[in-house]
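Reader: I should like to learn how to read the features of a model such as this one, term by term. May we begin with the exposure of a single side chain?

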Amino acid sequence: VAKNDHAGLEAWYVKETAHLRQRSKDMLVMAEEYQKNPEAGSYGVMSRKVDMAQHCQSLAAMYSKAADEAEVIAHVHRDMKGHS
């Protein structure tokens with residue numbers, strides 16, 4: 001997408017927002033599964049030191065924050081295409 005193609009950039013960020021929101025939902029589902037069955041995440045020495053449910057929740061929060069930011073950028077490009 002060209003840097004001055006605000007409609008194209010808006011569409012890209014809208015799509016990216018949806019993708020990131022889905023990733024966040026997926027991580028929350030995974031966290032829930034680890035909470036139901038903590039032994040599922042206990043593979044090897046490393047994972048015993050990591051709370052897999054908490055790890056998934058942290059990733060979900062990061063994906064959600066990234067989605068919020070992508071949504072803001074989409075709105076910026078929507079506003080900019082009206083001024084081009």
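Reader: At 51% relative accessibility, does K65 count as buried or exposed?

Author: A residue is called buried under 20% relative accessible area, exposed over 50% and partly exposed in between, with a 1.4 Å probe and protein chains only. K65, at 51% relative accessibility, therefore counts as exposed. This is a predicted model, in which local features need pLDDT of at least 70 and side-chain atom pairs count only at pLDDT 80 or more, whereas totals for chains, interfaces and linings use all residues. Residues are numbered from 1 along each chain as its sequence is written, and side-chain values use heavy atoms, with hydrogens and water left out.

Reader: How many helices and strands does the protein chain have?

Author: Helices (H or I, at least four residues) and strands (E, at least two) are DSSP runs, numbered from the N terminus. The protein chain has three helices and zero strands, and the order of its elements from the N terminus is α-α-α.

Reader: Which span should the 31 residues of helix α1 have at 1.5 Å a residue?

Author: The expected span is 1.5 Å times one less than the number of residues. For helix α1 (residues 6-36) this gives 45 Å, and the end C-alpha atoms are 45 Å apart, so the two agree.

Reader: Which residues of α1 are buried?

Author: Among them are H6, L9, E10, T17, L20, S24 and M27. The cover over the buried residues of α1 includes α3. For T17 in helix α1, the relative accessible area is 8%, which means that T17 is buried. Contact means heavy atoms within 4.5 Å; leaving aside neighbours within four places in sequence, T17 is in contact with A67, A70 and E71.

Reader: With which residues is H77 in contact, leaving aside its neighbours within four places in sequence?

Author: H77 is in contact with H6, L9, E10 and Y13. H77 is found in helix α3 (residues 52-81) and, at 11% relative accessibility, counts as buried. The C-alpha atoms of H77 and A11 are 9.0 Å apart in space, although the two are 66 residues apart in sequence. Over the protein chain, 74% of the contacts between residues at least 6 apart in sequence join residues at least 24 apart.

Reader: How many salt bridges does the structure hold?

Author: Side chains of opposite charge can pair when their charged atoms come close. A salt bridge here is a side-chain nitrogen of Lys or Arg within 4 Å of a carboxyl oxygen of Asp or Glu. The structure holds seven salt bridges. One of them joins R21 and E71 at 3.0 Å, N to O. R21 lies in helix α1 and E71 in helix α3, so this pair ties together parts that are 50 residues apart in sequence. R21, with a relative accessible area of 29%, is partly exposed, and E71 is also partly exposed, at 35%.

Reader: Which residues make up the largest nonpolar core?

Author: A nonpolar core is a set of buried Ala, Val, Leu, Ile, Met, Phe, Trp, Tyr and Cys residues joined through side-chain atoms within 4.5 Å. The largest has six residues: M27, A31, Y34, A53, C56 and A60. The elements that give two or more residues to this core are α1 and α3. Not counting residues up to four places away in sequence, A60 touches S24, M27 and L28. Buried residues make up 23% of the 84 residues in the protein chain.

Reader: How many aromatic pairs does a search of the whole structure find?

Author: Rings of Phe, Tyr and Trp (its six-membered ring) pair if their centres lie within 6.5 Å; planes under 30 degrees apart count as stacked, over 60 as edge-to-face and the rest as tilted. The search finds one aromatic pair. The rings of W12 and Y13 have centres 4.9 Å apart and planes at 85°, so the pair is edge-to-face. W12 is partly exposed, with a relative accessible area of 43%.
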